[in-house]
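Reader: I have a model open and want to learn how to read it. Where do we start?

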Amino acid sequence: MATELTFDPVRLPPECQTLRQEVRTFLAKEIEVGTFTADGGGIDGAYSEEFSRKVGAKGWIGMTWPKKYGGRERSFLERYVVTEEFRVANAPVRLHFVADRQSGPVIIRYGSERVKADVLPRICRGEVCFAIGMSEPNSGSDLFAAKTRATKTKGGWLVNGTKIWTSNAHQAHYLIGLFRTSAPTKENRRHGLTQFVVDMKTPGITVNPIYQMTGLHDFNEVVFQDAFMPDDHVLGEVDGAWKQATSELAYERSGPERFLETFYVLQELVRVLGDKPDTRGAEGIGRLVAQVHALRRMSVSVAGMLHAGKEPVVEAAIVKDVGTIWEQKLPHRARDLAAFVEAGSANRASFEEQLQFATMIAPKLTIQGGTTEVLRGIIARGLGLR
Amino acid sequence: MESENLIAETTRRILGDLADPQAINKAGEAWKPPAWSALEEAGLTLAWVPEDLGGAGAGIADGFAVLREAGRFAAALPLAETLLAGWLLSRAGIAVPKGAMTIGPTRDGERLKLAANGSLSGALRSLPFAKDAGHLAVLARRDGAGIAVALLDARQGRISDGTSIGGDPLNAVTFDAVRPLAVKEAPAGVDEQALLLMGAAARSMQMSGALEAILDLAVAYANERVAFERPIAKFQAVQHNLARLAGETAAALAAAGSAADAIANAETFDEAVFLEAASAKIRVGEAATEGAAIAHQVLGAIGFTQEHTLHRYTRRLWAWRDDFGSESAWAVKLGHLVAAKGADGLWPMLAAR
């Protein structure tokens, strides 16, 4: 075949399944002591200092990172198991999740030794929350149009401009920002952008809330006015951020959070249809289960390739494209299938509640972390069409 | 991965030489006997039969890899059926004859009866390639209890005319108290459902191979075909359609490959194998529907002609959806299993491997 897509049947090794039991026991105990609630579909990964510190103490944040930075040097597949169990349990991972998934790995690869030694161990302890400062009012999917400027000054850089749609910025201790340090060149419009680790306590940074259609506060506008960034907070090459942006995205795109975000709706659908659904209900559940099973196999397969040191960029983009479309449709499909369940019947009320929330958050799933359109562009390039 | 798999490579070489879709598209049926002989001589048709029962003694995984290759050629030969028949017969300890075979029952709920006097009766509505088969391997229910594996000469059944939407023989076969050539007890754990699961995984592999092939065809065509003064591959609408085709192909490859691997490494047809093979047939069937539609859309009018080879794949993709349980049939069964286990049993089942 000219267009080779690889999705080998990867199995999680035994140590992963042992770890899975350990994670489930931990989560059950945390539910029991009230750190979070088990029926929490509606909370959408809440922010909990207590929970994140406990997870850090377990060694499950930065668990693949070098020991000298607080990591545990465990495998990527073990991290996969922790991520999916937390996601399915709707555990309150908001504080540490972004740092664990992408900010930490970028710092390990491109950060100065001082920043690594300072920040990474605290991430591992579940103490620091990261935000991602990419989008701007006039630069969303087109990252290379970023205009927020970092101007060289003595010992560092002065940043001026505005980032927007920045999740967690109001709670974050740090932000990884993409700033313009030079003008793009004629030959390369991607040239001239630099990544920085931004300490959110820096004077000159203002965070303004943007409330979402769900009523929740997640997005923010982050305004920089002569905010000073020390030289050793630059990540990688000045003007060369475009060279650093692609490989970690495979991690970001193919994880279990890319198809399990509304999984609780499927669980509640099974509950509300009962143990003897009619043919229509059974067929509906069967198709949804087959689809989520296939997605998980795709995602585990990509995890296996990442674990083996490969960079399955196209396969990862496919997982996110197919996975987010599925998790976005799921609430609507569940609504159809539950249409004839009587209003007062068992579990109907909690199903409705979860369905409402999932329906409202569903539109964001195909936008955040790379829109469907951007992903299909990446896939098309991989197919040799562009 | 593939280059390590000698048996899949052999399949590709033989089918590439003797069953290339472009070369045989207008060649009638004459290509079939030499292609079949070559596959037979290489031991591929009896890959799942141990050497002492007349086969090649290859592994389960190897046989599934052969079927993915055959799917990439949309091979109009009873290769999957013969592999499955050989598997069933040899698992029961019946020596396997040469030549093309088919297998039944292939539809949910069908049962054959084996009377106390050893005669076999009943009807199977749709056996793929029964018209081309020399022998049939079937599961039959004994009067009292128990399941038997029976080997029949194809001439012992009344075989109807019939053609699938794929253009291949699809025949109803009726047995009126005939005496099989051989009868043995079915091996433990092998019943009609186990056969359907095995067949579902086999068809899923063929279909995922066919989807890979139409993705290739559609991508190549989009890069060659010029409209509005540029290759249609440069239009974003076409790119996004092809990206979706890649997504469906990826889902099919992952689901089918995982089901084949699960069966290859399982002791019995347990619940884990059920989840894998049923899900594969459902998801791959859905991918076939979506994928065929996209490929036809990209190829436009030329893809709708007899002359172009696209139909060799898409018509078989449509046909294969129905064999060994359709998406709907498996989904109802899977849905009932999930419902019986309850909402809190779903995730542990999905995350078991």
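**Two helices, then two chains**

Author: Start with a pair of helices. Helix α7 (residues 263–273) of chain A packs against helix α9 (residues 313–337) of chain A at an angle of about 5°, with axes 10 Å apart. That makes α7(A) roughly parallel to α9(A). This is a predicted model: local features need pLDDT of at least 70, side-chain atom pairs count only at pLDDT 80 or more, and totals for chains, interfaces and linings use all residues. Residues are numbered from 1 along each chain as its sequence is written, while chains are lettered from A and ligands numbered from 1 in the order in which they are written.

Reader: How do I read those terms?

Author: Two packed helices are described by the angle between their axes and the distance between the axes. Axes are lines fitted to C-alpha atoms, for helices over the stretch in contact, and angles run from 0 to 180 degrees between N-to-C directions. Under 35 degrees counts as roughly parallel, over 145 as roughly antiparallel, 65 to 115 as roughly perpendicular, and the rest as oblique. Helices (H or I, at least four residues) and strands (E, at least two) are DSSP runs, numbered from the N terminus.

Reader: Which residues of α7(A) and α9(A) meet?

Author: A contact means C-beta atoms, placed from the backbone, within 7 Å. From α7(A) come A:Val265, A:Leu266, A:Leu269 and A:Leu273; they meet A:Leu330, A:Pro331, A:Ala334 and A:Leu337 of α9(A).

Reader: And between the chains, how many residues does the contact take from each?

Author: Chain B gives 48 residues and chain A gives 51. On the side of chain B that touches chain A, α7(B) brings the largest share, 15 residues. That side divides into 29 nonpolar, 12 polar and 7 charged residues. Here Ala, Val, Leu, Ile, Met, Phe, Trp, Tyr, Cys and Pro count as nonpolar, Asp, Glu, Lys and Arg as charged, and the others, Gly among them, as polar.

Reader: What is chain B built from?

Author: Chain B has 11 helices and 10 strands. Of its 353 residues, 57% count as buried. Buried means 20 or more other C-beta atoms within 10 Å of the residue's own; exposed means 12 or fewer, and partly exposed lies in between.

Reader: Which residues have the most contacts inside the largest nonpolar core?

Author: A nonpolar core is a set of buried Ala, Val, Leu, Ile, Met, Phe, Trp, Tyr and Cys residues joined through C-beta atoms within 7 Å. The largest has 245 residues, and A:Leu269, B:Ala201, B:Ala218 and B:Leu242 have the most contacts inside it. α6(B) gives the most to this core, 20 residues. Leaving out residues up to four places away in sequence, B:Leu242 touches residues including A:Ala380, A:Leu383 and B:Ala218.

Terms used:
Contact = placed C-beta atoms within 7 Å.
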